[in-house]
Amino acid sequence: MDKTSAIYAGAFFDVAQSVKQEIEWRDQLESLAAAWRDTPEILRFFARTQISKSEKKEVLKASLGGSVDPTLLNALCLLVDKDRMGAFMEIVADYRHLYNAKNNIAEGLVYSVRPLNVTELESLDREFSQRIKKTVRFTNKIDPTLISGIKIQLENKVMDGSMKYRISQLKTELVKGSR
């Protein structure tokens, strides 16, 4: 967590809480991050020093005016004023972490050879929610090198049930046994 992004995310979260819009801001920030990730020219636009801050803010207001909470839009304009739009993605990630911590939510990754369906993901969410006493939300990532099985990354822990891991463990045991 970068200190600058953490400070801004904390301020955003405090304001969102004060106006009782934490969920809405989270959703709107995540939507903007997804759209801007898919269109990197947007963040490059905000990084250009040849474009004035007032022009950048006008573009923000014209493009987001009706779709983003007005207070959040003002916060985004503040990022432009302080030349911090380059940290936007990190601010969104830090905001998500703050929101999750307050709401007892853990995010994790499930690596698999094939995409898991909704039922499989929900089943994993429920199982791990019961285990760690938090609401768990998994995101599925495809990793064909696993051969079969899954690998789970949750709260700085990795649980590897993949065939790749099993083969690696078997190799280690065979090498130990041959000495």
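In which sense do strand β1 and strand β3 pair, and over how many bridges? In this predicted model, β1 (residues 105-112) and β3 (residues 150-154) pair in the antiparallel sense over 5 bridges. Here strands (E, at least two residues) and helices (H or I, at least four) are DSSP runs numbered from the N terminus, and two strands count as paired if DSSP finds at least two bridges between them. Leu109 has Gln153 of β3 as its bridge partner.

A word on the ground rules: because the model is predicted, local features need pLDDT of at least 70 and side-chain atom pairs count only at pLDDT 80 or more, while totals for chains, interfaces and linings use all residues. Residues are numbered from 1 along each chain as its sequence is written, and side-chain values use heavy atoms, with hydrogens and water left out.

Zooming out, β1 and β3 belong to an open sheet of 4 strands, ordered β2-β1-β3-β4 with mixed pairing. The edges go to β2 (135-142) and β4 (157-160); each has a single partner strand, so one side of each is left without a neighbour in the sheet. From one strand to the next, the twist averages 20° (axes are lines fitted to C-alpha atoms, with angles from 0 to 180 degrees between N-to-C directions). On the β4 side, β3 and β4 run antiparallel and are joined by 4 bridges, with Asp160 of β4 as the bridge partner of Lys151. The two strands form a hairpin with 2 residues between them, and Glu155 in the turn has a positive phi of about 50°.

On a 1 Å grid over the protein atoms alone, a pocket is an open set of points where a 1.4 Å probe fits, with protein on both sides within 12 Å along at least five of seven lines; lining residues have an atom within 4 Å of a point. Of the 19 lining residues, His97, Ala106, Glu107, Gly108 and Glu155 are the closest to the centre. Two or more residues each come from α6 (88-102), β1, β2 and β3, and β1 gives the most, with 5.

Elsewhere, Ser129 lies in helix α7 (residues 118-132). Its C-alpha atom is 8.9 Å from that of Ile105, 24 residues away along the chain.
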